[in-house]
Amino acid sequence: MNRSVVMTLLPGLLFAVSMPAVAGDCLPKVEGAWIRMTPVAMPMMAGFARIENPCSSPAAVVGAESLAFADVSLHETRQEAGISRMREVERLPVAPGKAVELKPGGLHLMLHGPYQPLAAGEKTVITLKLADGRALPVQFEVRKSAP
C-alpha cells in the first residue's frame, strides 16, 4: 500500500480503535436465573430471572434460545376477567437503570421440548437475544421452588 495512503488512513483507524464500542460496552445483567422443575416429565417448563439494565441506553430482549430446549420464547401471564391468560411477548424493554422481573404468574420464559429430563440442581444455558443484535448467555439452575 502506498505510504501516503497509510499515513492518511492511520489517524482515523487509531481513533476508531481507541473509541469504546458503544453497543458493546454495557450489557444487561441477569440475576437469580432459575427454571421451575416439573413434578413429572412435561413438554414445557418455565424460566425466571431478574434482568437489570445498568447501561445509559435502553435495552430490549427480543428472543431467547437454548441447546437444552427445542424452543424458548418470552411470555406473559395476565388475569383477564378472572381468567389467567398467557400470551407471547415479542419485545421486552428494559429502561436504563431499571430492571424487569421474570417471575411466576407474570413475565417468564416458556421452555418447550426439553431434549432430556432436567433434575434439581442441574444448570443449563439460555441465551437472551438483544434488540441490538448482541446475545447474552445466562446460566439457569433447575429448582423445585424460587430461590
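This note goes through the salt bridges and one threonine of a predicted model.

1. Arginine 50 and glutamate 101 join their side chains in a salt bridge, at 3.7 Å from N to O. Because arginine 50 belongs to strand β2 (residues 44–52) and glutamate 101 to strand β7 (residues 99–102), the pair ties together parts that lie 51 residues apart in sequence. Arginine 50 is partly exposed, its relative accessible area being 33%, and glutamate 101 is also partly exposed, at 38%.

2. A salt bridge with an N to O distance of 3.2 Å joins the side chains of arginine 78 and glutamate 76. Here arginine 78 counts as partly exposed, at 39% relative accessibility, whereas glutamate 76, at 16%, counts as buried because the cut-off for that class is under 20%. The pair belongs to a network of salt bridges that links Glu76, Arg78 and Arg87.

3. The side chains of arginine 85 and glutamate 80 form a salt bridge as well, at 3.4 Å from N to O. Both residues are partly exposed, with relative accessibilities of 43% for arginine 85 and 37% for glutamate 80.

4. Turning to the threonine, residue 124 lies in strand β9, which spans residues 123–130. Threonine 124 is buried, with a relative accessible area of 12%, and, leaving aside residues up to four places away in sequence, threonine 124 touches Ile35, Ser66, Ala68, Phe69, Val138, Gln139 and Phe140.

How values were computed:
Residues are numbered from 1 along each chain as its sequence is written. This is a predicted model: local features need pLDDT of at least 70, side-chain atom pairs count only at pLDDT 80 or more; totals for chains, interfaces and linings use all residues. Side-chain values use heavy atoms; hydrogens and water are left out. Helices (H or I, at least four residues) and strands (E, at least two) are DSSP runs, numbered from the N terminus. Buried means under 20% relative accessible area, exposed over 50%, partly exposed in between (1.4 Å probe, protein chains only). Contact means heavy atoms within 4.5 Å. A salt bridge is a side-chain nitrogen of Lys or Arg within 4 Å of a carboxyl oxygen of Asp or Glu.
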